[in-house]
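Good morning. Please have a look at it first.

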Amino acid sequence: MEIDFRKLDVKKLFDFSKEEENLIFQVYDQLFEIYDIAVIDIKDSPFHEFDSGKEIPIFIPRICYFITDKNKEHSFYLLIVNKIENSVQGRRLPAQTETLQIWGMKSLEGNFGYISINKKKWADRIAGIFSSFNINFKDNSFSNFYVLGSDKYKAMAFLDAKRKEIIKSFPDEDFKLEIKNNILCFGLPKNLSIEKSIIIAEFLNQI
């Protein structure tokens with residue numbers, strides 16, 4: 001479909017190359033086919049509540065979508081961001097190290113403290129390393145994941161049977177999931193693509 005530019009803040013596109021603009025429009029098209037989608041101001045999203053401004057790498061939000069499923073049962077946010085890596089000395093690296101990515105956020109019911117979940121890589125499972133990073137969270141059905149957290153009982157409350165299955169079924173093992181209090185942040189540290197946008201949106205809708 002043709003995008004109605006009245007639904008977009010076109011000023012937000014000035015920092016993008018033509019190729020990036022085309023990709024952003026394609027992502028919008030695909031999401032529009034599945035969800036109700038609205039472009040909103042970054043300040044109306046949970047981004048600044050979640051991000052302290054001290055995170056490394058640095059994420060600079062460019063466009064924020066507020067997404068609702070067609071049944072109006074679930075809602076979440078997708079942010080198109082520039083990710084900027086810092087050098088060891090803390091200086092900004094050359095422009096080619098900046099990547100355009102898509103990350104999602106969702107408000108949860110309840111305060112889960114701090115939780116971080118990552119998939120163990122094949123080499124990690126063989127070597128059995130990094131187990132010291134886990135909280136005291138024992139679950140054989142979830143043994144292929146690192147679970148870090150401020151409170152093991154809150155982590156257990158979040159990781160109910162349904163959520164564990166959703167996380168285990170995510171098709172890309174490089175995902176990053178982090179929770180701060182009642183806000184979940186989820187994404188892939190990879191370049192923006194239509195496929196990544198769809199699977200991240202699907203995950204956030206289900207979780």
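**The inside first**

The largest nonpolar core has 41 residues, and the members that touch the most others are Tyr 65, Leu 78, Ile 117, Phe 158 and Ile 167. A nonpolar core here is a set of buried Ala, Val, Leu, Ile, Met, Phe, Trp, Tyr and Cys residues joined through side-chain atoms within 4.5 Å. Buried means under 20% relative accessible area, exposed means over 50%, and partly exposed is in between, with a 1.4 Å probe and protein chains only. The largest share of this core, 5 residues, comes from helix α6.

Before going on, a word on where this comes from. This is a predicted model, in which local features need pLDDT of at least 70 and side-chain atom pairs count only at pLDDT 80 or more, while totals for chains, interfaces and linings use all residues. Residues are numbered from 1 along each chain as its sequence is written, and side-chain values use heavy atoms, with hydrogens and water left out.

Which residues does Ile 167 contact, leaving aside its neighbours within four places in sequence? They are Ile 117, Phe 142, Phe 145, Phe 158, Leu 159, Phe 175, Leu 177, Phe 203 and Ile 207. Contact means heavy atoms within 4.5 Å. There is also a second, separate core of 13 residues, which includes Ile 42, Trp 103, Met 105 and Cys 185. In general, nonpolar side chains in soluble globular proteins tend to be buried together. For the protein chain as a whole, buried residues make up 44% of the 207 residues.

**The sheet**

Now the secondary structure. The protein chain has 6 helices and 8 strands. Helices (H or I, at least four residues) and strands (E, at least two) are DSSP runs, numbered from the N terminus. Along the sequence the pattern reads α-β-α-β-β-β-β-α-β-α-α-β-β-α.

In what order do the strands stand in the sheet? The 8 strands form an open sheet in the order β1-β2-β3-β4-β8-β7-β5-β6, with antiparallel pairing. Strands β1 (35-40) and β6 (145-149) stand at the edges with a single partner strand each, so one side of each has no neighbour in the sheet. Neighbouring strands are turned by 20° against each other on average, direction ignored. Two strands count as paired if DSSP finds at least two bridges between them.

Take β5 as an example. Strand β5 (residues 114-119) is joined to β7 (residues 176-180) by 4 bridges, and the two run antiparallel. Ile 115 stands opposite Ile 179 in β7, and the bridge partner of Tyr 114 in β7 is Lys 180. Toward β6 there are 5 bridges from β5, again antiparallel. There, Ile 117 has Val 147 in β6 as its bridge partner.

**Salt bridges**

How many salt bridges does the structure hold? The count is 6. A salt bridge is a side-chain nitrogen of Lys or Arg within 4 Å of a carboxyl oxygen of Asp or Glu.

I will show three of them. Asp 36 and Lys 70 meet through their side chains at 3.3 Å, N to O. This pair links distant parts of the chain, with Asp 36 in strand β1 and Lys 70 in the loop between β2 and β3, 34 residues apart. Lys 72 also meets Asp 36, at 2.4 Å, N to O. Lys 72 lies in the loop between β2 and β3 and Asp 36 in strand β1, so this pair ties together parts that are 36 residues apart in sequence. Asp 36 is partly exposed at 26% relative accessible area, Lys 70 is partly exposed at 44%, and Lys 72 is exposed at 58%.

Lys 190 lies in the loop between β8 (183-187) and α6 (194-206) and Asp 172 in the loop between α5 (161-168) and β7, so parts 18 residues apart in sequence are tied together. Lys 190 is partly exposed at 27%, whereas Asp 172 is buried at 15%. Through shared partners, salt bridges join Asp 36, Lys 70 and Lys 72 into one network.

Technical notes. Axes are lines fitted to C-alpha atoms, for helices over the stretch in contact, and angles run from 0 to 180 degrees between N-to-C directions.
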